[in-house]
Amino acid sequence: MPPTISDDIHAWVANRDEAAARRVMEELHPRVAGIIRRHWARVEEWEDLEQEVFMRVFEALPRWKTEGAPLEHWVSRIAMNVCRKRWRTMSRRPEWRWSDLSEGEQQAFLNAQRDDEPLEGIETREARSLMHKLLDTLSADDRMILSLLHLDEKSLEEIAQVMGISRIVVKVRAFRARKKLHAALQKLEGGEKSSP
Amino acid sequence: MNDPDKLLQRLAAATRREGVPAADELPFGLATRVLAKLREGRAPTLWETFALGALPVAAVLTIACVMLASPEAQPQDDADVIAQVMLETQLITSR
């Protein structure tokens, strides 16, 4: 009977069994990669982030059982916190102007503004790129809240649990962060109207 | 702008629909790199920590024992001195 992931985790914690560790990584990789890829726009940095997540997972595995959280939730929390840490290292919050957007992003902005039809096809890729640019303007914590709320569609309670803060704080911060994004969108719209 | 919140929701919905490339397999070499880094940064075991910490203590104790065990360090009473002299004195000489 093949070992379960719990068996492999135990083998790693007890004996630093590297074959078991590899099986654990294979098992967890789809979840970890999914989180990294949804929340980090730069493709060239995905693998580096995944590596950092797994480093933290394996270093903290001896503590996992005592925390009592389901493994998938625990790993997801680590992955989100790696993203949050990386967002914090961004030295400057960009301020996007209309001319900073690609043609595709500009078109996605205009279509999202005008139509009631959902964006489709190539527009979704441009919309994703634009969305990440807008999220880049926020602080790491605000970005994490809105990313979990709007991209992962998590509830306020789930976000509160991931971030270790209260539901009320999540709600207030989400409200303020959305206001900041509204301001960024209005700035873009102003730039669009004044562009030739 | 009519409704910035609606615009934001539409952009978020499009982002979710776009999705991300599936990631079923580990990238080549990722597991090897992770394991190599874990080996490099392996935290010492409890025994190693204790043994390393105890080393200077053991060294000091050893030096102290050697110093205390030396004849000069030990205060000797008269009986000890006489016994030592008798032991060192050759009583029977060979002809």
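**Figure 1. Chain A of the predicted model is built from 9 helices and 0 strands.** In this predicted model, the elements of chain A follow one another from the N terminus as α-α-α-α-α-α-α-α-α.

**Figure 2. The domain assignment divides chain A into domain 1 (1-89) and domain 2 (96-196).** The centres of domain 1 and domain 2 of chain A, taken over C-alpha atoms, are separated by 28 Å. Where the two domains meet, domain 1 of chain A contributes 8 residues and domain 2 of chain A contributes 9 residues to the contact. On the side of domain 1 that touches domain 2, the elements giving two or more residues are H2 and helix H4 (71-88) of chain A, and H4(A) supplies the largest share, with 5 residues. Sorted by class, this side of domain 1 holds 3 nonpolar, 1 polar and 4 charged residues.

**Figure 3. The largest nonpolar core has 57 residues, and Ala79(A) and Leu11(B) touch the most other members.** H2(A) provides the largest share of this core, with 9 residues. Because domain 1 (1-89) and domain 2 (96-196) of chain A both give residues to the core, it lies between them. In soluble globular proteins, nonpolar side chains tend to be buried together.

**Figure 4. The contact between the two chains draws 36 residues from chain A and 27 residues from chain B.** On the side of chain A that touches chain B, two or more residues each come from helix H2 (18-39), helix H3 (46-67), helix H5 (103-114), helix H6 (122-136), helix H7 (140-151) and helix H9 (167-194) of chain A. H2(A) gives the most to this side, with 11 residues. By class, the side of chain A that touches chain B comprises 16 nonpolar, 8 polar and 12 charged residues.

**Figure 5. H9(A) packs against helix H1 (residues 4-18) of chain B at an angle of about 95 degrees, with the two axes 10 Å apart.** Two packed helices are described by the angle between their axes and the distance between the axes. An angle from 65 to 115 degrees counts as roughly perpendicular, and H9(A) and H1(B) are therefore roughly perpendicular to each other. From H9(A), the residues Arg178(A), Leu181(A), His182(A), Leu185(A) and Gln186(A) meet Pro4(B), Asp5(B), Leu7(B) and Leu8(B) in H1(B). Taken by class, the contact of H9(A) with H1(B) has 5 nonpolar, 2 polar and 2 charged residues.

**Figure 6. Chain B has 4 helices and 0 strands, with Glu88(B) found in helix H4 (residues 78-88) of that chain.** The elements of chain B run α-α-α-α from the N terminus on, and buried residues make up 13% of its 95 residues. Glu88(B) counts as exposed because it has 7 C-beta neighbours inside 10 Å, where 12 or fewer is the cut-off for that class. Although Glu88(B) and Glu18(B) are 70 residues apart along the chain, their C-alpha atoms are separated by 98 Å.

**Figure 7. Arg16(A) and Glu153(A) are two loop residues of chain A with positive phi values.** Arg16(A) lies in the loop between helix H1 (5-15) and H2 of chain A, and its phi is near 50 degrees, a positive value in a residue other than glycine. With 14 C-beta neighbours inside 10 Å, Arg16(A) counts as partly exposed. Glu153(A), which is not a glycine either, has a positive phi of about 55 degrees and lies in the loop between H7 and helix H8 (156-163) of chain A. Glu153(A) is exposed, because 11 other C-beta atoms are within 10 Å of its own, and the cut-off for an exposed residue is 12 or fewer.

How values were computed: Residues are numbered from 1 along each chain as its sequence is written. Chains are lettered from A and ligands numbered from 1 in the order in which they are written. This is a predicted model: local features need pLDDT of at least 70, side-chain atom pairs count only at pLDDT 80 or more; totals for chains, interfaces and linings use all residues. Two residues are in contact if their C-beta atoms, placed from the backbone, lie within 7 Å. Ala, Val, Leu, Ile, Met, Phe, Trp, Tyr, Cys and Pro count as nonpolar, Asp, Glu, Lys and Arg as charged, and the others, Gly among them, as polar. Axes are lines fitted to C-alpha atoms, for helices over the stretch in contact, and angles run from 0 to 180 degrees between N-to-C directions. Angles under 35 degrees count as roughly parallel, over 145 as roughly antiparallel, 65 to 115 as roughly perpendicular and the rest as oblique. A nonpolar core is a set of buried Ala, Val, Leu, Ile, Met, Phe, Trp, Tyr and Cys residues joined through C-beta atoms within 7 Å. A residue is buried if 20 or more other C-beta atoms lie within 10 Å of its own, exposed if 12 or fewer, and partly exposed in between; C-beta atoms are placed from the backbone. Domain bounds come from an automatic or database domain assignment.
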